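Subject: Structure handover

Hello,

Please find the structure below.

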Amino acid sequence: MDKPLPQTPAPLPAALEDEIRRLWEELEPAEGIAPDSPPAEHRPLAFSHYLAQTVRRHPAYLLEALDAEGRMPACTDADFHAALQARVDAAEDEEGLRRALRETRHRELLRIGWRDLAGAADLAADLEEVMHDLSRLADGLIGAALGWLDTRYRERHGQPRSAEDGSPQSLVVLGLGKLGGGELNFSSDIDLIFAFEENGETDGAKPLDNPTYFQRLGRALIAALSEVTADGFCYRVDMRLRPFGDTGPLAMHFDAMEDYYQAHGREWERYALIKARMIAGDVEAGGRLMRRLRPFIYRRYLDYGSLANLRQLKQMINDESARKGRFEDVKHGEGGIREIEFIGQAFQLIRGGRDQALQRRDLLGVLAVLGERELLPDYVVEQLERGYRFLRRVENRLQMLNDQQTHRLPREGDDRARLALAMGFEDEGSFEAALVREQHRVHAHFDQVFVAPQRAGEESMEDSPEADREQQIQRLWMGTLNEDEAREALAGLGFNDPGSAFAGIHDLRESPGVRAMSTTGRQRLDRLMPLLLGAIGEQDAPDDVLPRALQLIRTIARRSVYLSLLVENPLALSQLVRLVGASPWIGDQLTQHPLLLDELLDPRALYAPPDREGLQAELEDELARFPGQDHEQMLDRLRQFKQVQTLRVAAADITGYLPLMKVSDHLTWLAEVLLEQVLHLAWEYMVERFGAPQCGEDASACRPARFAVIGYGKLGGFELGYGSDLDVVFLHDSDDSASARTAGPKVIDNSEFFARVAQRVVHLLGAFTASGRLYEVDTRLRPSGTAGLLVSGLEAFRRYQDESAWTWEHQALVRARFVAGDRLLGEDFAALRREVLTRPRDADALRREVVEMRQRMLTEHASKPGDGFHLKRDRGGITDIEFMVQYWVLVAAHEYPAVCEYPDKIRTLEALGASGVIDAGFSSELADAYRDLRNRIHRLTLAGRDARVEQPDAELEAVRARVMRAWESVFGDADVDAASRG
């Protein structure tokens with residue numbers, strides 16, 4: 001276990017105590033200085049030449065900052081800004097402004113450095129207080145200077161205004177880097193970008209066009225901060241991160257800036273803008289600018305291409321650092337601060353567009369999110385946080401020595417000793433050992449994220465058979481093998497038809513889409529394809545897998561970031577090949593929705609779909625990451641959520657992690673959760689416009705009217721499959737009283753309100769966009785079918801069941817249940833369902849009606865001779881089992897109410913057997929047949945086929961015969977067509 005890092009400075013050696021005493025004696029003439037008693041917290045003077053020099057020149061700065069006990073207190077934001085503004089307001093000219101800014105800087109740096117080096121800041125709030133106070137200082141100085149200068153410029157030239165509508169225009173100052181992140185160093189450059197919202201001109205006697213005005217104002221601001229005077233300077237200002245760098249305009253209007261990033265923005269500029277923050281000027285305009293830039297910074301899709309770009313950028317920094325000594329540079333060297341920043345920002349660039357929680361500027365906050373999202377293990381996050389805090393403290397103490405922007409350990413032994421003591425170590429050796437330990441740990445984690453996985457171990461594989469194989473596959477893809485050599489190589493990979501495989505690979509390589517790829521995209525494809533071909537060669541049936549994989553590559557090649565995802569994540573590539581090989585349906589889903597490739601990164605989640613509570617929690621978390629979305633954006637999130645969760649179920653299904661019945665459970669839970677959310681959206685939309693629906697005998701007795709969605713068919717019976725429709729019926733419990741209206745602002749009748757809610761639910765579920773659709777919805781099972789009202793009152797529904805419903809509608813009621821909306825109304829429906837199903841019925845009449853209904857279905861939908869066996873529709877299929885179960889429930893529920901308790905067939909069959917309505921063995925036999933048929937339908941769906949089997953095997957024929965015998969034992973064969981039986 002590592003020795004804890006010290007948090008407070010070590011005791012001072014006698015030599016440094018004497019040095020401080022001599023310094024204090026030099027200040028004897030100053031008022032308030034006691035020559036023989038330096039302040040209790042005097043050690044900072046030993047660790048910082050800058051602090052000592054500042055105290056010599058301005059002893060009053062120190063004496064005014066210390067409290068009555070001789071200690072340095074913290075400073076609130078309000079006190080800081082009040083003191084700064086008072087000094088700036090007193091400035092009569094630009095020279096006075098510079099003096100006020102520099103005085104404030106020296107006073108604050110003395111206070112901040114003193115507290116930090118004395119241990120007060122570390123003990124109070126660790127590194128965060130120091131970073132906050134340093135960033136507050138820069139924000140304050142920039143804002144105060146800009147305000148003072150802008151006031152003088154407007155006095156000369158007038159207020160800049162928009163050419164469009166005459167609205168006032170102001171300079172917007174963005175801070176980048178550590179300033180933007182609120183993590184500023186003790187002696188740091190500041191990276192700024194200037195912008196203004198619209199073109200136009202000022203309205204004064206000496207008008208200037210807006211670009212000229214703001215460029216002049218910007219230059220004056222830079223001069224006020226960076227020019228060296230007798231009082232020093234405030235900050236070195238770096239404007240090179242602005243659009244077009246040094247060759248670009250100093251200030252650019254918003255439209256031009258947005259156009260620049262869309263047309264010319266480079267990867268390093270995305271990286272830089274992650275920390276961009278509005279720090280001075282027009283706050284509201286700055287917010288609008290950041291919203292416009294966000295799509296450039298955070299891509300909607302997963303952007304693994306960022307890893308390669310960041311890797312190249314970091315390598316350039318490492319190469320430069322290596323020439324100067326890596327260990328000595330705590331920022332740029334191996335295991336330095338920059339590597340921790342790159343780890344956090346790599347995840348932000350890759351995932352920030354999909355997870356708004358990562359759209360933040362502070363690195364420690366980003367690391368915390370990475371831990372919460374389990375994107376990094378907890379111990380890695382803990383070690384990176386520890387390393388970051390330690391290295392940042394080292395960096396600040398280095399810069400406190402002489403108020404210089406440096407990240408390298410001092411060359412002079414005396415200053416190295418001061419640094420070690422300031423960090424709490426007793427000597428240089430123990431400090432440097434701790435520093436190297438932290439650097440090594442950070443660099444190891446950096447390698448885990450940034451070293452290209454497929455390059456790991458390349459040196460050890462040189463001249464090995466595996467290396468020869470990989471080189472052969474590489475040449476195969478690049479087309480440097482002739483056709484005979486290529487066929488031989490493919491045969492060696494396990495392809496039974498190497499000719500077809502060669503043709504498919506050749507067609508992809510020479511396709512117009514691949515030829516039109518950018519240089520970067522083609523490089524990524526050339527890295528991916530040998531890896532993909534090698535992984536396909538490991539499959540049992542590579543000839544089947546290859547065409548599906550090539551089709552996927554054709555699609556994702558348009559977005560080379562997906563190529564990077566697979567190149568950078570060998571585990572994702574292996575899962576892709578495994579799933580595409582096992583299921584053409586999954587291959588189609590990945591091809592249609594490449595965003596799903598992200599799910600291949602974590603097999604733990606991929607093969608473990610959540611239960612209903614887990615789905616609800618995940619959906620709430622997903623939507624909470626993007627607050628304030630409109631309905632269209634939220635629906636896209638819901639569609640993507642459905643695709644992700646369905647993929648997880650399918651992956652767990654084909655790999656055997658989920659049994660058949662659990663597959664349907666998960667798909668049904670998913671539909672319920674999404675249906676509930678869509679109903680919530682539709683309800684809120686209507687209530688916002690018309691108010692909530694009320695009902696009651698009069699206005700004084702009004703209550704909220706309730707609304708519920710009833711699931712029928714597969715949804716009601718927990719039997720949804722991949723791609724199943726939703727059969728739903730909408731109910732409400734409003735009455736016909738005069739008060740059955742909405743509460744406003746615009747008042748409508750409840751019946752109209754509920755009809756619109758239902759229409760909107762159906763529309764939102766079924767609307768087709770680029771993200772697909774949620775579900776196709778069938779509402780034909782409502783009372784009177786398509787001729788009836790879309791939404792029924794509960795009492796009207798009861799009357800219909802009593803007076804008008806057909807037998808088949810009572811059959812359908814067997815598989816009906818509440819799935820969304822008001823639970824109390826759902827309980828009322830359940831009671832009504834139980835009442836209808838438990839009525840006494842004429843068994844013979846019921847038997848005839850069920851047989852007639854089944855015969856009509858066979859006439860319309862049964863397979864013709866020679867067309868094979870449809871597992872659902874044909875005689876001996878699932879529909880026969882459904883009709884038998886429904887018949888038994890309707891005929892027996894009056895005497896045995898338990899048989900109608902559950903809407904799904906398996907539990908209903910168990911209840912029928914347990915109650916003695918049918919033999920328990922017979923019940924078990926039908927349940928097994930049902931499971932077998934359902935399982936086969938799932939398998940066919942995942943294989944990209946419908947529920948028809950062209951040539952049933954012996955096992956399936958036995959299952960079918962068993963179901964047909966059961967049918968005949970229940971209903972006889974008097975009116976069953978012999979051809980249908982066969």
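The helices here are DSSP runs of H or I with at least four residues, numbered from the N terminus. α30 covers residues 612-624 and α31 residues 631-654; their axes lie 11 Å apart and the packing angle is about 140°. Axes are lines fitted to C-alpha atoms, for helices over the stretch in contact, and angles run from 0 to 180 degrees between N-to-C directions. α30 and α31 are therefore oblique to each other (under 35 degrees counts as roughly parallel, over 145 as roughly antiparallel, 65 to 115 as roughly perpendicular, and the rest as oblique).

The model is predicted, so local features need pLDDT of at least 70 and side-chain atom pairs count only at pLDDT 80 or more, while totals for chains, interfaces and linings use all residues. Residues are numbered from 1 along each chain as its sequence is written, and side-chain values use heavy atoms, with hydrogens and water left out.

On the α30 side, the contact (heavy atoms within 4.5 Å) is made by Leu-615, Glu-618, Leu-619, Glu-622 and Leu-623. α31 brings Met-634, Arg-637, Leu-638, Phe-641, Gln-645 and Arg-648. By class, this contact has six nonpolar, one polar and four charged residues (Ala, Val, Leu, Ile, Met, Phe, Trp, Tyr, Cys and Pro count as nonpolar, Asp, Glu, Lys and Arg as charged, and the others, Gly among them, as polar).

A second pair is α17 (residues 413-422) and α18 (residues 428-450), whose axes come within 9 Å and cross at roughly 70°. That angle makes α17 roughly perpendicular to α18. Their crossing is left-handed. Gly-413, Arg-416, Ala-417, Leu-419 and Ala-420 of α17 meet Glu-428, Phe-431 and Glu-432 of α18. The residues in this contact are four nonpolar, one polar and three charged.

The next pair is α40 and α41 (residues 920-942), with axes 8 Å apart and an angle of about 170°. α40 and α41 are therefore roughly antiparallel to each other. From α40 the contact takes Lys-905, Ile-906, Leu-909, Glu-910 and Gly-913, and from α41 it takes Ala-920, Ser-923, Leu-926, Ala-927, Tyr-930 and Arg-931. Six of these residues are nonpolar, two polar and three charged.

How many cavities of 30 Å³ or more are there? The count comes to two. A cavity is a set of points, on a 1 Å grid over the protein atoms alone, where a 1.4 Å probe fits but cannot get out; lining residues have an atom within 4 Å of a point. Grid points are joined across faces, edges and corners, and a volume is the space filled by probe spheres set on the points.

The largest cavity holds about 50 Å³ of space. Its lining consists of Tyr-712, Leu-781, Arg-782, Pro-783, Phe-797, Tyr-800, Gln-801, Trp-808, Glu-809 and Ala-812. α35 (794-803) and α36 (807-813) each give two or more residues to that lining, which has seven nonpolar, one polar and two charged residues.

The second largest cavity holds about 40 Å³. Val-814, Arg-815, Glu-882, Val-885, Gln-886, Pro-903, Asp-904, Lys-905 and Thr-908 line the second largest cavity. α39 (878-892) and α40 (905-915) give two or more residues each, and α39 has the largest share, with three. Here the lining has three nonpolar, two polar and four charged residues.

Regards

Terms used
On a 1 Å grid over the protein atoms alone, a cavity is a set of points where a 1.4 Å probe fits but cannot get out, and a pocket is an open set with protein on both sides within 12 Å along at least five of seven lines; lining residues have an atom within 4 Å of a point. A crossing is left-handed if the near helix is turned anticlockwise from the far one by less than a right angle, and right-handed if clockwise.
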